[in-house]
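Student: I would like to learn how to read the features of a structure from its coordinates, with each criterion spelled out before it is applied.

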Amino acid sequence: MKYLMMTVAASMSLATAAVANDWAAIDANSDGQITRAEHDAAAQAKWAKWDSAGTGQLAVAALGQQTGKDWSRADTNKDGQISSAEFLAKKNAGFAKADANGDGVITKTEHDAAKAGKKAK
């Protein structure tokens, strides 16, 4: 039991660090906010990493396994594949939703509120 608790605590610490590192990686100029350009560059980099074969398509199930998320709603043409356009559309919708005041920039406060809203659903 003690080992299990230590493993869970370590996993939570790693997850917290991963979120912090994602923020730092996306906030390229380290000014504490993510601009549309920073967001788009990060989204393109993620897509390139996942679509390493350069096909422009990823199976919904495979992308879900890589990310731990359900991508079926992003498959707008229901062909079982996520295209780069579908991926970027989903990421852009997420940016717009997180940008609560619509100024084209996501602050850490807006980011945290959007994350909390997702968890509440």
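This is a predicted model: local features need pLDDT of at least 70, side-chain atom pairs count only at pLDDT 80 or more; totals for chains, interfaces and linings use all residues.

Student: How many helices and strands does the protein have, and in what pattern do they follow along the sequence?

Tutor: Helices (H or I, at least four residues) and strands (E, at least two) are taken as DSSP runs and numbered from the N terminus. By that reading the protein has five helices and four strands, and along the sequence they follow the pattern α-β-α-β-α-β-α-β-α.

Student: What share of the residues counts as buried, and how much accessible surface is there?

Tutor: Buried means under 20% relative accessible area, exposed means over 50%, and partly exposed lies in between, with a 1.4 Å probe and protein chains only. Of the 121 residues, 23% count as buried. Areas come from the Shrake-Rupley method with a 1.4 Å probe, and for residues only the protein chains shown count as cover; the accessible surface of the protein comes to about 8,000 Å², of which 61% belongs to carbon and sulfur atoms.

Student: What share of the contacts joins residues 24 or more positions apart?

Tutor: A contact means heavy atoms within 4.5 Å. Among contacts with a separation of 6 or more, residues 24 or more positions apart account for 42%.

Student: How many salt bridges are there, and where do they lie?

Tutor: A salt bridge is a side-chain nitrogen of Lys or Arg within 4 Å of a carboxyl oxygen of Asp or Glu, and by this rule the count comes to two. In one, Asp-40 pairs with Arg-36, the closest N and O atoms being 3.8 Å apart; these two residues are four apart in helix H2, and therefore separated by about one helical turn. Asp-40 is partly exposed at 30% relative accessible area, and Arg-36 is partly exposed at 31%. In the other, Asp-112 pairs with Lys-108 at 3.1 Å between the closest N and O atoms, and here too the residues are four apart, this time in helix H5, with about one helical turn between them. Asp-112 is partly exposed at 38%, as is Lys-108 at 32%.

Student: Which residues gather in a patch of positive charge, and which helix supplies the largest share?

Tutor: Patches are made of residues with over 30% relative accessible area and no salt bridge, with like charges joined within 9 Å and nonpolar side chains (Val, Leu, Ile, Met, Phe, Trp, Tyr) within 5 Å. Lys and Arg count as positive and Asp and Glu as negative, whereas His and the chain ends are not counted; the place of a charge is taken as NZ of Lys, CZ of Arg, CG of Asp or CD of Glu. Here the positive patch on the surface includes Lys-46, Lys-69, Arg-73, Lys-78 and Lys-119. Helices H2 (36–50), H4 (84–98) and H5 (108–120) each supply at least two of its residues, and the largest share, three residues, comes from H5. Lys-119 lies in helix H5 and is exposed, at 73% relative accessibility.

Student: Is Asp-75 buried or exposed, and which side chain of opposite charge is nearest?

Tutor: Asp-75 is buried yet has no salt bridge, the nearest side chain of opposite charge being Lys-78 at 5.8 Å. Asp-75 lies in the loop between helix H3 (60–67) and strand E3 (81–83). Leaving out residues up to four places away in sequence, Asp-75 touches Val-60, Gly-80, Gln-81, Ile-82 and Glu-86.

Student: Where does a positive phi occur in a residue other than glycine?

Tutor: Most residues other than glycine have a negative phi. Lys-78, in the loop between H3 and E3, has a phi near 55° and is exposed at 59% relative accessibility. Ser-30 also has a phi near 55°; Ser-30 lies in the loop between helix H1 (2–26) and strand E1 (33–35) and is exposed, with a relative accessible area of 62%.

Technical notes: Residues are numbered from 1 along each chain as its sequence is written. Side-chain values use heavy atoms; hydrogens and water are left out.
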